[in-house]
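I opened a new model today. These are my notes on what I looked up.

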Amino acid sequence: MQGGPARAVKSAAIPGIKHIVAVASGKGGVGKSTTAVNLAVSLTKLGRKVGLLDADIYGPSVPKMLGISGKPSMNPEGKITPLRNHGVYGMSIGLLISNPENSAIVWRGPMVMSALQQLLYQVDWGEKDFLIVDMPPGTGDAQLTLTQRVPLSGAVIVSTPQDIALMDARRGVNMFQKVHVPILGLVENMSFFQCPNCQHRSHIFGTDGVQEAAKEIGVDVIGKVPIEISIRKCSDEGTPVTASEPDSSEASEYLRIAKAVDQKVSEKKTAMPSVFMD
Ligand SMILES: Nc1ncnc2c1ncn2[C@@H]1O[C@H](COP(=O)(O)OP(=O)(O)OP(=O)(O)O)[C@@H](O)[C@H]1O
């Protein structure tokens with residue numbers, strides 16, 4: 001137990017969902033949503049049933065990246081039906097509000113939490129092996145509350161190799177450790193650029209920074225994703241690279257990440273906690 005007096009925060013399980021996995025980053029723009037979407041699609045390739053919740057209230061990008069749009073319908077019980085594409089059932093705050101870029105940014109903590117509670121418990125997720133949660137970037141109050149309120153099986157931290165990003169990534173790791181959520185691993189995004197002509201690898205943001213930090217913090221690096229035009233282009237078009245170019249080296253790296261996540265959540269030590277202490 002860390003950080004002062006103990007306070008038990010109950011987090012209710014979501015019926016039908018075996019594992020909830022957060023994809024988080026210490027700061028914005030490092031490729032968290034890209035990782036979340038491609039991880040979700042890759043898990044379906046392993047035969048898992050997967051939902052994807054866009055909890056990035058400040059910049060919901062899952063609808064665009066997963067290629068889902070339109071107002072979701074309600075089932076007879078009054079629950080929201082997620083939208084399916086590329087084998088993944090997705091839901092986002094971006095699908096429920098008319099102008100997400102302009103409205104969500106001014107929301108206060110309690111409003112954010114109530115919107116997220118709705119996305120978690122008022123959506124008809126059905127039977128799923130995984131619910132991947134694309135977290136809001138950073139380690140502020142909204143993020144901390146989310147880690148306490150959602151019964152997470154574990155978290156994946158996304159970082160670029162830049163020092164500054166690493167410092168932020170450490171903060172992200174600390175936040176989950178504080179509430180006893182296991183870190184399933186670190187994904188080094190934009191790890192290197194491979195020249196399409198000569199295949200030379202340039203480590204634009206430096207080398208081995210993430211590896212060293214991961215060792216220091218005691219978490220595994222479960223994937224190194226290159227900076228690659230196809231990753232950005234496919235995301236922009238709503239056809240994640242794992243769905244549109246499944247035989248590419250990028251897709252196989254995401255599959256490696258998915259396998260690590262799948263394996264780690266089934267290990268006993270990462271069993272879903274029902275009570276967190278802070
Ligand atoms: N490995 C990569 N190669 C090329 N482009 C990438 C890669 N990863 C992410 N991008 C691009 O970088 C931009 C930011 O990525 P993304 O939206 O996933 O980041 P984020 O951390 O979720 O950002 P935010 O903080 O806004 O939620 C997007 O245009 C995305 O397509």
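At what angle do the axes of helix 1 and helix 10 cross? I noted first that this is a predicted model, where local features need pLDDT of at least 70, side-chain atom pairs count only at pLDDT 80 or more, and totals for chains, interfaces and linings use all residues. Residues are numbered from 1 along each chain as its sequence is written.

**Entry: two helices.** I took helices as DSSP runs of H or I with at least four residues, numbered from the N terminus. The axes of helix 1 (residues 32–45) and helix 10 (residues 249–266) cross at roughly 75° and come within 8 Å. Axes are lines fitted to C-alpha atoms over the stretch in contact, and angles run from 0 to 180 degrees between N-to-C directions. The two helices are therefore roughly perpendicular, a term for 65 to 115 degrees.

I then looked up the contacts (C-beta atoms, placed from the backbone, within 7 Å). N38, L39, S42, L43 and K45 of helix 1 meet Y254, L255, I257, A258, V261 and D262 of helix 10.

**Entry: the ligand.** I found 20 residues around the ligand, counted by a C-beta atom, placed from the backbone, within 6 Å of it. G28, G31, S33, T34 and R232 are the closest. Helix 1 and helix 8 (229–236) each supply at least two residues of this shell.

**Entry: one residue.** Which residues does V133 contact, leaving aside its neighbours within four places in sequence? I listed I20, V21, A22, V23, L53, A55 and V150.

Terms used:
Angles under 35 degrees count as roughly parallel, over 145 as roughly antiparallel, 65 to 115 as roughly perpendicular and the rest as oblique. Two residues are in contact if their C-beta atoms, placed from the backbone, lie within 7 Å.
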